[in-house]
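User: Hi! I am new to protein structures and would like to learn how to read one. Could you walk me through it?

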Protein chains: 2
Amino acid sequence: MHYLEAVYRILGDEPVDVRVESILLEQTIETPRSVAAQFEFVREQMMGSVRRIVPDAPNGVLATLSLPFVTASVDPAQFLNVLFGNSSLHADVLLEDFTPPSTVTKLLPGPRFGIPGLRERIGVAERPLTCSALKPVGVSLDDLAKICRGLAEGGIDLIKDDHYLADHPFAPFEERVRICQDVVEDVAARTGHHAVYVPNLSGTPDDVKRQAALAHHAGVRAVMMAPMLLGLPTFHQMCAKELDVPVLAHPSFGGVNAIRPSTLYGKLFRLFGADAVIFANYGGRFSFSASVCNEIAGSLRDPWLDLTPAFPVPAGGMNADRAEELVQFFGRDSILLVGGSLLEAGDDLREKTARFTESVRSVARTMREAH
Amino acid sequence: MHYLEAVYRILGDEPVDVRVESILLEQTIETPRSVAAQFEFVREQMMGSVRRIVPDAPNGVLATLSLPFVTASVDPAQFLNVLFGNSSLHADVLLEDFTPPSTVTKLLPGPRFGIPGLRERIGVAERPLTCSALKPVGVSLDDLAKICRGLAEGGIDLIKDDHYLADHPFAPFEERVRICQDVVEDVAARTGHHAVYVPNLSGTPDDVKRQAALAHHAGVRAVMMAPMLLGLPTFHQMCAKELDVPVLAHPSFGGVNAIRPSTLYGKLFRLFGADAVIFANYGGRFSFSASVCNEIAGSLRDPWLDLTPAFPVPAGGMNADRAEELVQFFGRDSILLVGGSLLEAGDDLREKTARFTESVRSVARTMREAH
């Protein structure tokens, strides 16, 4: 028998044994034990067990449960359901961590490109990659093209749509993708720097499928989606069946109060197929600490289940001046995403961008030489 | 201009004006104001505004923001993105409530059947409906058929799959649906009681589409999906384009720590198309209070945006003996879902179920006569 091990943090004052037993039932048979006892297969195969309970003061206990994987392994929604379905409805139960059996990769094979594939496609072997965003929403196609050109000429590796760019009347998806892709190809032809334009796919499954086809037709070399907006199973299907380019995952609508950030943005996003994952960096607009960010980066890159490692993409109110600090902190296998701080330059966008991308190159060079 | 009004609860000790301004920027232009100022259309149409800030001790403040609806209205994922995308990444910012403009129904027309449509299809005009579940996961097809028969003969109106029933090798979707549908049709032919069997659709968009087609082919009269597992945009597409029967929404993976339960399970689920919404009832396995449950029921049923009202379906460790209390509390436009408590009866399932359904009928009759 294969088991999915799930670790829950349980807060509150109720007797721990009672809580853990009720969470075990919730995540397995969801009936009183007396009901399950009526059925031999259920009794013998479906009950799961409590592996251990460890006090973790001041913040409750950590309970590790073994859940029968056969229940979870049939589709990506059931995987989430068994992992943290109804238990997410308890305000005092958080999903801390999980360990699936190695057979999980039959259902969820993880990143198709990840760090090595994205590096190969971008043609940058050693240094951290740079990323910026086309924003704000409401900017005309002409202005988006101008921003895209400034960022590409300034040497940015990945130029992504802001996650608010969708199929809006003022910058329709099809035209926007064609124009921005033309810009990066034109800059590449003139300067030799092949920036990758990354459009944002948004909407229902039919919407994102249509947008993926348009992006493919335009020659786009990577796309972005927000797994928690679209739904993780939809995100997974897009990665596994509809897209032949690397996928950048955006954290929007993901929250931080129910699932430990490294578990959601690190493990789950990677398992469901993200090649690179954007998350709220420390010292920016969000309250993630440096240690949380370090943990997310580790979850994306560390050896796990034979999955290809995925790029961490720290972001969120990051200043271009922090290049050195961030390269030192996240190391070479990272993508530094700086948006608004570059766009503030206005007409000097190309120059400010060039200073940022050169400083990343230079810090990375120094770090290599120091080794 | 149309605006989406969003109300956030902001906790923590930072100066409120600074926090609210930063949330306004996060949910609109996601750049410093100086960047937006470079573009006339952005400056004039995309900035949104702070409507009011009200202290709500001891729990922080409630801040109401007006967000430009044109950004949100292009697809269901963008709607969520603008409503609570990046702001969900703050542990101290919760989505409390929202008011979309009436034009939202062009994008999201809400329940197609709702309370009146489901009543008409079931043929029960006045009393609360009853619902039970086929469970636990792992039960064989023969035993599922036996449970289904007991519940149908006992007079249950809706017999839903447990949310853990997916396309498992021990009870494959296609055979399960055919067998359970046969059972309810057979019981209807013999007794005149037309129970509705409600299979659970689970997986990627392609999985749930395939399952919807199989269910349709089998003559199924309602289905269940978990919007937060599948993704709300996927749920919406299934309701709007792929299904011609009422849809029961399951709360799994929905959490309670980031979005006020009545806003998520009431307003959002209804807006995205649920005809009936299962939620954790007070006094059961979950910690929702009676007032939270009352609020969820209100959000589903109250007049709002010309949307069809949807059925509240209180559930979660409910005891069949509570029929009277629950009918009194939720009123006639509700569906009482009792699962494990009936299944404990084992071979006496039909009798225990009949006592439950008869007590609901009888309490409802008494209430009608008292008016």
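User: How many salt bridges are there between chain A and chain B?

Analyst: Let's begin with the ground rules. This is a predicted model, where local features need pLDDT of at least 70, side-chain atom pairs count only at pLDDT 80 or more, and totals for chains, interfaces and linings use all residues. Residues are numbered from 1 along each chain as its sequence is written, chains are lettered from A and ligands numbered from 1 in the order in which they are written, and side-chain values use heavy atoms, with hydrogens and water left out.
A salt bridge is a side-chain nitrogen of Lys or Arg within 4 Å of a carboxyl oxygen of Asp or Glu. Between chain A and chain B the count is 10 salt bridges. One of them joins the side chains of Asp206(B) and Lys209(A), at 3.6 Å from N to O.

User: Which residue of chain B forms a salt bridge with Glu30(A), and where do the two lie?

Analyst: The partner is Lys135(B), with the closest N and O atoms 3.8 Å apart. This pair crosses between chains: Glu30(A) is in the loop between helix 1 (16-26) and helix 2 (33-36) of chain A, and Lys135(B) is in the loop between strand 5 (129-134) and helix 8 (141-153) of chain B. Helices (H or I, at least four residues) and strands (E, at least two) are DSSP runs, numbered from the N terminus.

User: Are Glu30(A) and Lys135(B) buried or exposed?

Analyst: Both are buried. The word buried means under 20% relative accessible area, exposed means over 50%, and partly exposed is in between (1.4 Å probe, protein chains only).

User: How do I read the size of the contact between the chains?

Analyst: The size of an interface is often given as the accessible area lost when the parts come together. Here, about 6900 Å² is buried between chain A and chain B, and carbon and sulfur atoms give 60% of that area. Buried area is the accessible area (1.4 Å probe) that two parts lose on being put together, summed over both. Of the area that chain A buries against chain B, Leu89(A), Tyr164(A) and Phe253(A) supply 12%, more than any other three residues.

User: How are the two copies related?

Analyst: Two copies of a chain are related by a rotation about an axis and a shift along it. In this model, a rotation of 180° with 0.0 Å of shift along its axis superposes chain A on chain B, with an RMSD of 0.0 Å. That is the relation of a two-fold axis. Copies are superposed by least squares on the C-alpha atoms of residues with pLDDT of at least 70 in both. Within chain A, Gly231(A) has the C-alpha nearest the axis, 1.7 Å from it. The same surface serves both copies, as 100% of the contact residues of chain A recur in chain B.

User: What does the salt bridge between Arg190(A) and Glu153(A) tie together?

Analyst: The closest N and O atoms of this pair are 2.8 Å apart. Arg190(A) lies in helix 9 (residues 173-191) of chain A and Glu153(A) in helix 8 (residues 141-153) of chain A, so the pair ties together parts that are 37 residues apart in sequence. Arg190(A) counts as partly exposed because its relative accessibility is 49%, and Glu153(A), at 28%, is partly exposed too. Both residues belong to a network of salt bridges that also links Arg149(A), Asp186(A), Arg350(A) and Glu351(A).

How values were computed: Contact means heavy atoms within 4.5 Å.
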